[in-house]
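Here is my note on the model you asked me to look over. Please read each point with the structure open beside you.

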Amino acid sequence: MFVKRRKVANFNNNSFLGNSNYENGGDAGKIAAAAKTRCGKHKDCAGNVSPECLQVATNVTEQKHNVSREVRGQNLGLCRGFRGCTVWLTGLSGAGKTSIAFELEAYLVSKGIPAYGLDGDNIRTGLNKNLGFSQVDREENIRRVAEVAKLFADSGVVSICSFVSPFAEDREMARKIHKDADLKFFEIYIDTPLEVCETRDTKGLYKKARQGVIQGFTGVTQAYEAPDAPDLRVSTEGMTVRESTLKLIKLLESEAIIPKFLKEDEPLPELFVAESLKTALEAEAKTLPALALTEVELQWLQILAEGWAYPLKGFMREQEYLQALHFNCLLNEDETLRVNQSVPIVLSATEADKQRLEGVSALALQYGGRTVAVLRKPEFYYQRKEERCARQFGTSNRAHPYIKMIYESGDYLVGGEIEALERIQWNDGLDAYRLTPNELRQRFREIKADAVFAFQLRNPIHNGHALLMSDCRRQLLERGYKNPVLLLHPLGGWTKDDDVPLPVRMAQHQAVLDSGVLDRDHTVLAIFPSPMMYAGPTEVQWHAKARMNAGANHYIVGRDPAGMPHPDKDLYPDGNLYDGTHGARVLKMAPGLDSIEILPFRVAAYDKSCSQMAFFDPARKQDFDFISGTRMRTLARNGENPPNGFMEPKAWQILAEYYQSLQKSQ
């Protein structure tokens, strides 16, 4: 039989132990502690409500802040706009309130949105530890929480409260506190059946209630007043915490509390024309003026069309170009959210192209005389090449191979949304490896990967690389992941002339997998179609962002990623364009990479004491041999073998044959 809530004018806590609700933990010892004679309103009261207890301060005046909500919204968190509100989760003990609340908190914080979870147990051990479980104390418990949540919300924080709060009157009081402050309040009913909650019973409270140890337990001997019209009803039966939390996220998005983020289970938007509209677009393209693409620009078109650079919808307009160049980020459509985009993705045009095409509503993009896409509402703007190069590369030295291309390109850039006619194929025997971000996401789901760690490389794999990748998997397993999967993702776009060509690298990578040096069952080998810019810490952010779009949630960053020797080798003591440590350090601080964890690169070298690659130990540095790329190339050209254990033999043979063929051709 349920105990109904009742109102009394005069009371003592001892008489209300039967109305206690120990959903927030508790045991017989807590009941005894709550039974101390006091009114619940005043610490030293003898027990009965007295005039002293009823006194309240009257000489108080609300003080107005100098900072408005609008100003807070512009400066608090990574997402612009005021987002303060309270999400109030109510339901039986064991319904899943706290799990969902903390999952939502983690999600919002990962997106740069200030959020904080106010949990019943935590409040009872701090702010409200002087309250028992009488009717008045419990009412005061909810009132205090609501007032604190209001302050959090007023500061711009998404306040997430998880309390059984079984009485509709108390929840309505909490809502009114927010309504009076002109703050949004969302009542979320975690509607989990009593029998399911009892099977969970992680705190053993239902068992104690059934045994009579705890009296007046909600759902057992005390009624729970379920909300009649909650803002959202969530069931946790047969659902994961993440699936249940997603319902709350969608509610907050629909209420414009948070921006709409791409979910893990949603397809990445691509820029290909729908199949039903393809014929019409092809016919339209024949009537449009055309602009020719270089091979590198075609590679950037592929990047855009497949979604690697999401949320970009085409080649950058000047506004987007300035954001990428000066802030390494883009603002979303409503300018509330910054996403990482450290490199400009642009299309060049000559003065003659500008005069011929400016003012047209659309133009056809062609490669080799064939239309590959249509660009809508083109915007032409001047390309200040020195500014672009100095900001992107830290130098404008024309001996840098990508900078050389920029200076040889047209004086103007043209931006606009694109519609790609079809998937770009290179017909080099490697297209099967060119998986799109959506295809990679699907592959990871099929093999049930619960963590994906990506390794960016443009060079052949030696056993030191393999050691690093295997060690990362070991670390993830130790952290509790069941099936971490490696995305072995060599860069497949343009590279400088002295880099190993893609077909050779892919054959070498396959040999490493065939030998078992890397575990094929837990590795996905695919090609990343981006051109290489050799832009150091700026470019490495792009490499991580693109893999994040493809579903990776961990990223291995090495020494001097995307770096190269300085064209003026005498300018810096080490001869390099970038400090070898800066790429990894910048990546850990970069904004907009919220869904990917950066894994540090551990230096590996050849350990002569055991004839294999091992992590470098400074205490016995004399045992280690650092085999440079120059030395490796020299050995390969001369037909010599590296030390045993440096590289898988079949993989070395492929590399050696390539370098020897170069020598013969010269």
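How many residues does helix 19 have, and how far does helix 19 reach from its first C-alpha to its last?

1. This is a predicted model, in which local features need pLDDT of at least 70 and side-chain atom pairs count only at pLDDT 80 or more, while totals for chains, interfaces and linings use all residues. Residues are numbered from 1 along each chain as its sequence is written, and side-chain values use heavy atoms, with hydrogens and water left out.

2. Helix 19 (residues 502-515) has 14 residues and reaches 20 Å from its first C-alpha to its last, close to the 20 Å expected at 1.5 Å a residue (the expected span is 1.5 Å times one less than the number of residues). Helices here are DSSP runs of H or I with at least four residues, and strands are runs of E with at least two, numbered from the N terminus.

3. Helix 19 is mostly covered, since 10 of its 14 residues are buried (under 20% relative accessible area, with a 1.4 Å probe and protein chains only). Among the buried residues are L502, M506 and L513, and the buried residues of helix 19 pack against strand 14 (451-457), strand 15 (484-490), strand 16 (523-525) and helix 23 (649-665). After helix 19 comes G516, whose phi is positive, near 85 degrees.

4. Elsewhere, 3 strands form an open sheet in the order 20-19-21, with antiparallel pairing (two strands pair if DSSP finds at least two bridges between them). Its edge strands are strand 20 (612-615) and strand 21 (624-625). Strand 19 (residues 604-607) is joined to strand 20 by 4 bridges, and A605 stands opposite A614 in strand 20.

Terms used:
Buried means under 20% relative accessible area, exposed over 50%, partly exposed in between (1.4 Å probe, protein chains only). Contact means heavy atoms within 4.5 Å.
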